[in-house]
Amino acid sequence: MVTAIDVKAPLISLAFSTLGCAELELDEALALAARHGLDAIEIRALGGMIDLPAYFAERFGTPAGLVHALERAPVAVCALNTSMRLVGATPQAKEEFLRYLPWAEAAGIKALRIFDGGSTGDAGELSEALSTLEWWRETARREGFASDIMVETHDFLVYPDALGRFLEAAPDCALLWDTHHTWRKGGQDPAETWKQVRRNTRHLHVKDSISKPSGKLPYTYTPPAAGEFPMAALLSALAADRYDGVMSLEWERLWHADLPPLDHALREARQANWWPQSDADATEQ
């Protein structure tokens, strides 16, 4: 069996999504990551809110206030996760997305997650996705934004043919590869999908599950290493290419309240050597 200590890339960053601890405040989420020896968090929800610009304004007042709070942080913020989709990006959705930019720019947060959207990746959806992508690029150039989007493989991009067409049309688009989603929904071997996405992936999500249907899904989430996700094969593929981006545990407790706390999932991942060791773990051993 390939263990995590064998495959850790030299510069890989370990993180989690605050989807798994949405009730926490920013300082509490950062402290949780630090206790587990992680490098960063990606922020999807805080204080029970998924409207992050509203949360930041309520807690910190201005972008400068957020910067001040993060100056004391024990770990980094690697991404802000928004709800915008390439397919289905209405003017209102674009306006809501742009509310994230002052906070990201001030705090030096380079990545803003958006979804792909759609369902099939047919010609119409691909055209709409590329149109939204061009809107963003023109906006970013005009405003001089340093932050950029990364598109999560969540909907039409879980299918290899649609993914291939999209990357051919947008070869420089950064991806957040949801490894579990392309495996479960797209039916793909993650080691094979990696060959398609390795040049574009800056960030990836990992989680585990079994094939037994649950109340909401055709599968059931499990703690890391307790399910069927082929993590060892994925880690070997990443190590072979010396992947040096973010690997983030996406523990979907906000959407699935029956899941145990994120702290429990992080302990399970570490104790089972399920994902790359953090520096703290290596020191302890």
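The model is predicted, so local features need pLDDT of at least 70 and side-chain atom pairs count only at pLDDT 80 or more, while totals for chains, interfaces and linings use all residues. Residues are numbered from 1 along each chain as its sequence is written, and side-chain values use heavy atoms, with hydrogens and water left out.

**The core**

Select Phe16, Ile41, Leu80, Phe166, Met247 and Trp275, the residues with the most contacts inside the largest nonpolar core, which has 79 residues. A nonpolar core is a set of buried Ala, Val, Leu, Ile, Met, Phe, Trp, Tyr and Cys residues joined through side-chain atoms within 4.5 Å; buried means under 20% relative accessible area, exposed over 50%, and partly exposed in between (1.4 Å probe, protein chains only). Helix α7 (residues 123–143) gives the most to this core, with six residues. Helices (H or I, at least four residues) and strands (E, at least two) are DSSP runs, numbered from the N terminus. A second, separate core of five residues includes Ala79, Met150, Ala174 and Leu176.

**Strand β10**

Next, select residues 246–249, which form strand β10. Val246 and Ser248 point one way and Met247 and Leu249 the other, and all are buried. Among the residues that Met247 touches are Leu14, Val206, Leu235 and Trp275; contact means heavy atoms within 4.5 Å.

Strand β1 (residues 13–17) runs parallel to β10 and is joined to it by four bridges; two strands pair if DSSP finds at least two bridges between them. Phe16 stands opposite Leu249. Strand β7 (residues 201–206) is also parallel to β10, with four bridges, and His205 stands opposite Ser248.

**Helix α4**

Select residues 63–71, helix α4, in which Gly65, Leu66, Ala69 and Leu70 are buried. Seen down the axis, the buried residues of α4 fall within an arc of 135 degrees, so they line one face of the helix; the arc is that of the directions from the helix axis to the C-beta atoms. On the other side of α4, Ala64 and Glu71 are exposed. The buried residues of α4 pack against α2 (26–35), α3 (52–60), β3 (76–87) and α6 (101–107).

**The largest pocket**

Finally, select Phe115, His154, Glu250, Glu252 and Trp255, which lie nearest the centre of the largest pocket among its 20 lining residues. On a 1 Å grid over the protein atoms alone, a pocket is an open set of points where a 1.4 Å probe fits, with protein on both sides within 12 Å along at least five of seven lines; lining residues have an atom within 4 Å of a point. β3, β4 (111–117) and α9 (179–184) each supply at least two residues of the lining.

Note on methods
Lists of a residue's contacts leave out its neighbours within four places in sequence.
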